[in-house]
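Hi,

Here is the structure I said I would pass on.

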Amino acid sequence: QVQLVESGGGLVQAGGSLRLSCAASGRTSSTYTLGWFRQAPGKEREFVGAIWWSGGATYYAHSVKDRFTISRDNAKNTVDLQMNSLKPEDTAVYYCAAGFLTWTPGRIISDMSYNYWGQGTQVTVSS
């Protein structure tokens, strides 16, 4: 089992920044992929970005590329999501997730590829 706990959500004005953190514990592995997803009210959960824990490779959704950055701290077992130039449409509950998956776009962006999920943290961007 892997436990994931997100933190760092909150309210920010459009154009501002927030940094989310996901702390992993339990049977973690360097072969995991850690992904970030989000779900806005009335919408389906969507992929935001992911990082391959071992190699550090990252992959982002087109909507957040060049604005969001994922990084990892191996010593602390945390993965951060730095969000800049936030827009009202970024408002959602953000979840981190972990899973063993083949590092291909189709698998990375699918929430079905991830076995473990955090409880989520709310991000609200005001206009």
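Before the numbers, one definition: two residues are in contact when they have heavy atoms within 4.5 Å of each other. Keep in mind too that this is a predicted model.

With that in hand, take the contacts in the protein chain between residues at least 6 apart in sequence: 58% of them join residues at least 24 apart.

On to the overall fold. The protein chain has 11 strands and 1 helix, and reading along the sequence gives β-β-β-β-β-β-β-β-β-α-β-β. Its radius of gyration is 13 Å, close to the 14 Å that the globule rule gives for 127 residues, so the chain is as compact as a globular protein of that length.

Of the 127 residues, 43% count as buried. The chain exposes about 6,500 Å², and carbon and sulfur atoms supply 49% of that area. As for charges, there are 11 positive and 9 negative side chains, with the centres of the two sets 4 Å apart.

Now the covalent cross-link. The count comes to 1 disulfide, and it joins cysteine 22 to cysteine 96, with an S to S distance of 2.0 Å. What is the handedness of that link? The link of cysteine 22 and cysteine 96 is right-handed, with 55° about the S-S bond. Cysteine 22 sits in strand E3 and cysteine 96 in strand E9 (residues 92-99), so the pair ties together parts that are 74 residues apart in sequence. Are these two cysteines buried or exposed? Cysteine 22 has a relative accessible area of 1%, which is under the 20% cut-off, so it is buried. Cysteine 96 is also at 1% relative accessibility and counts as buried.

One more spot I looked at is threonine 28. You will find it in the loop between strand E3 (18-26) and strand E4 (33-39). At 32% relative accessibility, threonine 28 counts as partly exposed, because that value falls between the 20% and 50% cut-offs. Leaving out residues up to four places away in sequence, threonine 28 touches Val2 and Asn77. Tryptophan 53 is 25 residues from threonine 28 in sequence, and the two are 9.9 Å apart in space, C-alpha to C-alpha.

That's what I have so far.

Cheers

Technical notes: Residues numbered from 1 in each chain as written. Predicted model: local features only at pLDDT ≥ 70, side-chain atom pairs only at ≥ 80, totals over all residues. Heavy atoms only, no water. Helix = DSSP H or I, 4+ residues; strand = E, 2+ residues; numbered from the N terminus. Buried < 20%, exposed > 50% of the residue type's maximum accessible area, 1.4 Å probe, protein only. Rg over C-alpha atoms; globule rule 2.2 N^0.38 Å. Areas by Shrake-Rupley, 256 points an atom, 1.4 Å probe, with all protein chains shown as cover. Lys, Arg positive; Asp, Glu negative; His and termini not counted. Charge placed at Lys NZ, Arg CZ, Asp CG, Glu CD. Disulfide = S-S within 2.5 Å.
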